[in-house]
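Me: Hi! I have a structure open and would like to go through it bit by bit. Can you help me read it?

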Amino acid sequence: MAATSSFTSLKLSTASTTLPWKSRHSLSSSFGVATISLRCQHHRQLRRFVVISMDAKPTILVAEKLGEAGLNVLKEFANVDCSYNLSPEELCTKISICDAIIVRSGTKVNRKVFESSGGRLKVVGRAGVGIDNVDLAAATEHGCLVVNAPTANTVAAAEHGIALLTAMARNIAQADASVKAGKWLRNKYVGVSLVGKTLAVMGFGKVGSEVARRAKGLGMHVIAHDPYAPADRARAIGVELVSFDEAIASADFISLHMPLTPATSKVFNDETFAKMKKGARIVNVARGGVIDEEALVKALDAGIVAQAALDVFTAEPPPKDAKLVQHENVTATPHLGASTMEAQEGVAIEIAEAVVGALKGELAATAVNAPMVPAEVLTELKPFVALAEKLGRLAVQLVAGGSGVKTVKVTYASGRAPGLTLTQGCFVR
Ligand SMILES: NC(=O)c1ccc[n+]([C@@H]2O[C@H](COP(=O)([O-])OP(=O)(O)OC[C@H]3O[C@@H](n4cnc5c(N)ncnc54)[C@H](O)[C@@H]3O)[C@@H](O)[C@H]2O)c1
């Protein structure tokens, strides 16, 4: 940018020890002094002392337990406040002094939280994948970026899905409980084999495709339903993409891996259970809300669904006497999909790096309320985003400065087509 200022040099140095008014103003050690030297065209040097905050570190609230490795990443950059089990009121009070918050699935970051932040909250980090506990619309309206850790727990969730699938087929949980109760029921717990059976993977994303890969290794015939998955990705691992109805009508086992959205809420209900192959078995390590739990109890009682293995529930924890959990053909685990040592460590680091990166103003590859772009495109876009931001700042300064500027003309050339120069005019007022 052409310099229109009459100053020809600007030097900035900081020194926290030479604070001239230290004794009079008893400033804390987190303040320092910056010396700004301005040399003007007439060689007259102006010197200004400015008090600056040395404690410019942002504050990150960690509202649910996060692995040590992740906390260390955060602490290198920010003040970290680990406050677990906050009530909604406490959270709303605390949030007003935080620049970022990290949660797992147990903390509701709702509209009230964003409103209470008074505009200070810039980033919400969800240590995991599902973001149904974060009000995305409210986050966007309040200019707050939501990032998650989508990759670190994929394998853990897929392994848990397979563990539930095999445990359910061989009645492992029920048989274990009976042996511990002093019984020896070898006839009661005859299982079913997996080999040659059809598994329908509902939601062919990260977890779903890993489950499919593993199920193929167990000798299963795998089909999948996912309205957004590219057929060639499925074909590459020998999986056929089919319609919802076809999947549930032909599957012996159904494994759920779609997100909970308005479109998938209670998508397994009386009507869909009625279309299933009689005696189908269901695994759910996705989200409880995708199944209508009352309808599942009825389907289990009627033998339409022979067994269900569930890691997730509409209400977590489910009520103690919930018919579904108590059903003898149901195997239940307490949302353990991501609970391996390796995944927890991985998620902690992934989310800490995402939150720190977002606070630094870097492009967030795992932003949930911003367009998702592949990593390679993101790298290419990076300098343009920085340029766009600078141009935006320039435009605001020109307008706010009352300069009378009405139009800015931007001329740019592309590295891909060096001969081509484009000129664009745009109004800034
Ligand atoms: N139990 C756990 O601890 C645990 C751990 C990890 C993930 N999860 C859950 O598993 C689910 C999948 O996670 P992921 O990482 O694979 O997510 P992902 O975004 O990679 O995959 C989800 C897939 O579902 C598809 N989908 C969307 N709407 C659909 C619909 N109506 N029908 C069928 N498919 C649909 C999407 O196109 C996408 O391919 C999420 O709900 C996530 O919250 C649970």
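Reply: Happy to! One term before we start: a residue counts as buried if 20 or more other C-beta atoms lie within 10 Å of its own, exposed if 12 or fewer, and partly exposed in between. Keep in mind too that this is a predicted model.

Me: Okay, let me try that out. Is lysine 266 buried, exposed or partly exposed?

Reply: Lysine 266 has 16 other C-beta atoms within 10 Å, so it is partly exposed. You'll find lysine 266 in the loop between strand E12 (253–256) and helix H11 (270–274).

Me: And what is phi of lysine 266 near?

Reply: Phi of lysine 266 is near 50°, which is a positive value in a residue other than glycine. For background, most residues other than glycine have a negative phi.

Me: What about asparagine 85, where is that one?

Reply: Asparagine 85 is in the loop between strand E5 (79–82) and helix H3 (88–94). Asparagine 85 is not a glycine either, yet has a positive phi of about 55°.

Me: Why is asparagine 85 called exposed?

Reply: Because asparagine 85 has 10 other C-beta atoms within 10 Å, and the cut-off for exposed is 12 or fewer.

Me: Nice. Now the sheet with E5 in it: what order do the strands have?

Reply: The order is E5-E4-E6-E7-E8, an open sheet of five strands with parallel pairing. E5 and strand E8 (145–148) are at the edges with a single partner strand each, so one side of each has no neighbour in the sheet. From one strand to the next, the twist averages 20°.

Me: How many bridges join E4 to E5?

Reply: Four bridges join strand E4 (residues 59–62) to E5. For example, leucine 61 has aspartate 81 in E5 as its bridge partner.

Me: Which strands does helix H14 lie across?

Reply: Helix H14 (residues 341–359) lies across E4, strand E6 (100–103), strand E7 (123–126) and E8, and runs at about 170° to E7.

Me: Switching to the ligand: which residues come nearest?

Reply: Of the 32 residues around the ligand, the nearest are Gly130, Gly203, Gly205, Tyr228 and Gly337. Helix H6 (154–169) and helix H8 (206–217) are the elements that give two or more residues to that shell. H8 gives the most, with three residues.

Me: How do the shell residues divide?

Reply: Around the ligand there are 17 nonpolar, 11 polar and four charged residues.

Me: Last one: where is the cis peptide bond?

Reply: The bond from glutamate 316 to proline 317 is cis, with omega near -5°. Proline 317 is in the loop between strand E14 (305–310) and helix H13 (323–326).

Definitions and conventions: Residues are numbered from 1 along each chain as its sequence is written. This is a predicted model: local features need pLDDT of at least 70, side-chain atom pairs count only at pLDDT 80 or more; totals for chains, interfaces and linings use all residues. A residue is near a molecule or strand if its C-beta atom, placed from the backbone, lies within 6 Å of it. Ala, Val, Leu, Ile, Met, Phe, Trp, Tyr, Cys and Pro count as nonpolar, Asp, Glu, Lys and Arg as charged, and the others, Gly among them, as polar. Two strands pair if DSSP finds at least two bridges between them. Axes are lines fitted to C-alpha atoms, for helices over the stretch in contact, and angles run from 0 to 180 degrees between N-to-C directions. Two residues are in contact if their C-beta atoms, placed from the backbone, lie within 7 Å.
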